[in-house]
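Here is a short report for a reader who is new to this structure. Take a look at the model, then read on.

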Amino acid sequence: MIKTRMQLKSEGGKGKVSIAGVIGKLYREEGGFRAFYKGLGSALMRQVIYASLRLGLFYTATDTYKEKFGKPLNAGGMALASLTAGAIGAFVATPFDLALIRFQADGTLPADQRRNYKNWFDALAKIIRSEGFFNLWKGALPTIVRAMSMNLGLLVSYEECKMRLKRVLGDGYPTYIASSFLAGFLCAFLGLPPDNMKTKIQKMKPGPDGKMPYSGFFNCAVKTFRNEGILKFWVGFPIFYLRVGTHAMIILLATDALKYLIRGRK
């Protein structure tokens, strides 16, 4: 929520954006602590679909290759597997991602323009009725680019880092924790620019002239660069990394622990 609001406040070069300012305004003007959890149902549905697919497909591909050829995938093969898994997961989960952004951005709109969705099911139903079924995939391109970038930064760096650190630190907790920490940083760094584009495209409404502010992903990127500057592609990075980095460490370490319990150490 905080990251999304920072991106929208930065849109068009609207002045200084601070974490404290965004948090304070959310708390004061939109219902206290509950404001920080708007769209929670959509976020959970998105994670169930997206996270399951991007991790499941990646590790299925790498494990199948290892079983068939007796050796692990190289970095290029892991990159291809991570990009493909991220793209598929993001495409399937885009409707829930769209609903999430609409929930989080609603408070930035004038009262008479707010969508006021009740829950994720109500959001999807209203989008279909008012905009059409295929508009559930509005912003699919930046969503997919974001997912591919994040999956590449997360999974390839984690597996490569583990492999290299094991030679120095051994096969223990320091190796896994350090690898997951680096993977979280790269995931956030690569994923935030397309995430910025995704937020703006999925939130946008027609202007007074009836035209949308952005015609697509690349048009949004160009306007962001011209109006805000290159560094604003990473606006909200500390908050984004706090979320993504923590998520990465938990999910990667938990995945390895589950694989160890199910199959034993290879």
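A residue counts as buried when its relative accessible area is under 20%, as exposed when the value is over 50%, and as partly exposed in between. By that rule, both K198 and D97 are buried. The model shown is a predicted one.

## Overall build

The protein chain has 9 helices and 0 strands. Along the sequence, the pattern reads α-α-α-α-α-α-α-α-α. The radius of gyration is 20 Å, close to the 18 Å that the globule rule gives for 266 residues, so the protein chain is as compact as a globular protein of that length. Along the principal axes, the C-alpha atoms fill a box of roughly 60 × 40 × 35 Å. Of the 266 residues, 46% count as buried.

## Salt bridges

The structure holds 13 salt bridges. Three of them are set out here.

| Pair | Closest N to O |
|---|---|
| K198 and D97 | 2.7 Å |
| D195 and R146 | 2.5 Å |

Start with K198 and D97, which form a salt bridge. K198 lies in helix 7 and D97 in helix 4, so the pair ties together parts that are 101 residues apart in sequence.

R102 is buried, because its relative accessible area is 1%.

D195 lies in helix 7 and R146 in helix 6 (residues 140-169), so the pair ties together parts that are 49 residues apart in sequence. D195 is buried, and R146 is buried too. Salt bridges that share partners join K3, R146 and D195 into one network.

Helix 7 covers residues 173-203. Helix 7 bends by about 40 degrees at L192. A proline, P193, follows within four residues.

Helix 6 has 30 residues. At 1.5 Å a residue they should span 44 Å. The end C-alpha atoms of helix 6 are 41 Å apart, which agrees. After helix 6 comes G170, whose phi is positive, near 85 degrees.

G153 lies within helix 6. G153 counts as buried because its relative accessibility is 3%. G153 and Q7 are 146 residues apart in sequence, while their C-alpha atoms are 21 Å apart in space.

## A nonpolar patch on the surface

Which residues form the nonpolar patch on the surface? They are L57, I88, F91 and V92. Together they have about 320 Å² of accessible area. Helix 4 (residues 75-105) gives the largest share of the patch, 3 residues. An α-helix has 3.6 residues a turn, so residues three or four places apart point the same way.

I88 has its place in helix 4. I88 counts as partly exposed because its relative accessibility is 40%.

## A loop and a tyrosine

Where is N116 found? N116 is in the loop between helix 4 and helix 5. Phi of N116 is near 55 degrees, a positive value in a residue other than glycine.

Y27 belongs to helix 2 (residues 19-29). Y27 is partly exposed, because its relative accessible area is 42%. Y27 and Y50 are 23 residues apart along the chain. Their C-alpha atoms are separated by 29 Å.

How values were computed:
Residues numbered from 1 in each chain as written. Predicted model: local features only at pLDDT ≥ 70, side-chain atom pairs only at ≥ 80, totals over all residues. Heavy atoms only, no water. Patch = residues over 30% accessible without salt bridge, like charges linked within 9 Å, V, L, I, M, F, W, Y side chains within 5 Å. Areas by Shrake-Rupley, 256 points an atom, 1.4 Å probe, with all protein chains shown as cover. Salt bridge = Lys/Arg side-chain N within 4 Å of Asp/Glu carboxyl O. Helix = DSSP H or I, 4+ residues; strand = E, 2+ residues; numbered from the N terminus. Buried < 20%, exposed > 50% of the residue type's maximum accessible area, 1.4 Å probe, protein only. Expected span 1.5 Å × (residues − 1). Bend = angle between axes of the 7 residues up to and from the residue. Rg over C-alpha atoms; globule rule 2.2 N^0.38 Å.
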